[in-house]
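Notebook open, viewer loaded. I want to go through this one piece by piece and jot down what I look up.

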Amino acid sequence: MSSSRVGLRLAACLLNISEARRKYIVENIAKAALLDKNGKKHPQVSVLNIFSDQDYNRSVITTAASVDKLDLAEDLVRHVPGCSVFLFGEADLPEKRSLVQRRKQLGWFTRRDVSALQPDLGAAPARRCGLTACFRAL
């Protein structure tokens, strides 16, 4: 008897990246999103879309994963050395702060020394850039 995927609960994850002009960086992060902690392709994670805005040097990678794969951010930190991850929405437990709330709490737009920020995962940012993740159950 084959297993059915009916009823599989999915979560969408938006990876906001402070990079668009160097396409290889965005593509490497998208590839890393597909990997599990051992560096193998995770069968329950898919990259749905990559949008890059050259003028603002920002990209958004949209992924979908099974709800039990909410450790995606931890896997990204493992596979993308030096990245900073600031969680919001469903990924920001237990607070579940919105992106706006999280940025205000961090002083994201008013702080001059971003290296003093403490990310949820990964290294402290060297400059105003990084990788943020938001999970939403579908």
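Buried means under 20% relative accessible area, exposed means over 50%, and partly exposed is in between (1.4 Å probe, protein chains only).

General reminder to myself: in soluble globular proteins, nonpolar side chains tend to be buried together.

**What I am looking at**

This is a predicted model, so I keep in mind that local features need pLDDT of at least 70 and side-chain atom pairs count only at pLDDT 80 or more, while totals for chains, interfaces and linings use all residues. Residues are numbered from 1 along each chain as its sequence is written, and side-chain values use heavy atoms, with hydrogens and water left out.

The pLDDT (the predictor's confidence in each residue, from 0 to 100) averages 81 over the chain, and 83% of the residues score at least 70.

I count three helices and six strands, in the order β-α-β-β-α-β-α-β-β along the sequence. Helices (H or I, at least four residues) and strands (E, at least two) are DSSP runs, numbered from the N terminus. Of the 138 residues in the chain, 40% are buried.

**Helix 2**

Leu72, Ala73, Asp75 and Leu76 are buried in helix 2. They span an arc of only 160° around the axis, so they sit on the same side of helix 2. The arc is that of the directions from the helix axis to the C-beta atoms.

**Aromatics**

How many aromatic pairs does a search of the whole structure find? One. Phenylalanine 86 and tryptophan 108 have ring centres 5.5 Å apart and planes at 65°, so I log the pair as edge-to-face. My cut-offs: rings of Phe, Tyr and Trp (its six-membered ring) pair if their centres lie within 6.5 Å; planes under 30 degrees apart count as stacked, over 60 as edge-to-face and the rest as tilted.

The two are 22 residues apart, with phenylalanine 86 in strand 4 and tryptophan 108 in the loop between helix 3 (99-106) and strand 5 (121-122). Phenylalanine 86 is buried at a relative accessible area of 2%, and tryptophan 108 is buried at 11%.

**Salt bridges**

I searched the whole structure and got four salt bridges, each a side-chain nitrogen of Lys or Arg within 4 Å of a carboxyl oxygen of Asp or Glu. I noted these:

- Glutamate 19 and arginine 22 meet at 2.8 Å, N to O; glutamate 19 is buried at 5%, whereas arginine 22 is partly exposed at 37%.
- Arginine 97 pairs with aspartate 92, closest N and O atoms 2.7 Å apart; arginine 97 is buried at 19% and aspartate 92 is buried at 4%.
- Aspartate 120 pairs with arginine 102, closest N and O atoms 2.7 Å apart; aspartate 120 is in the loop between helix 3 and strand 5, and arginine 102, 18 residues away, is in helix 3.

Leucine 93 and proline 94 are joined by a cis peptide bond, with omega about 5°. Proline 94 is in the loop between strand 4 and helix 3, and lysine 96 lies in that loop too. Lysine 96 is not a glycine, yet its phi is positive, near 55°.

Asparagine 57, in the loop between strand 2 and strand 3, also has a positive phi, about 55°. Buried or partly exposed? Asparagine 57 is buried, at 16%, while lysine 96 is partly exposed, at 42%.
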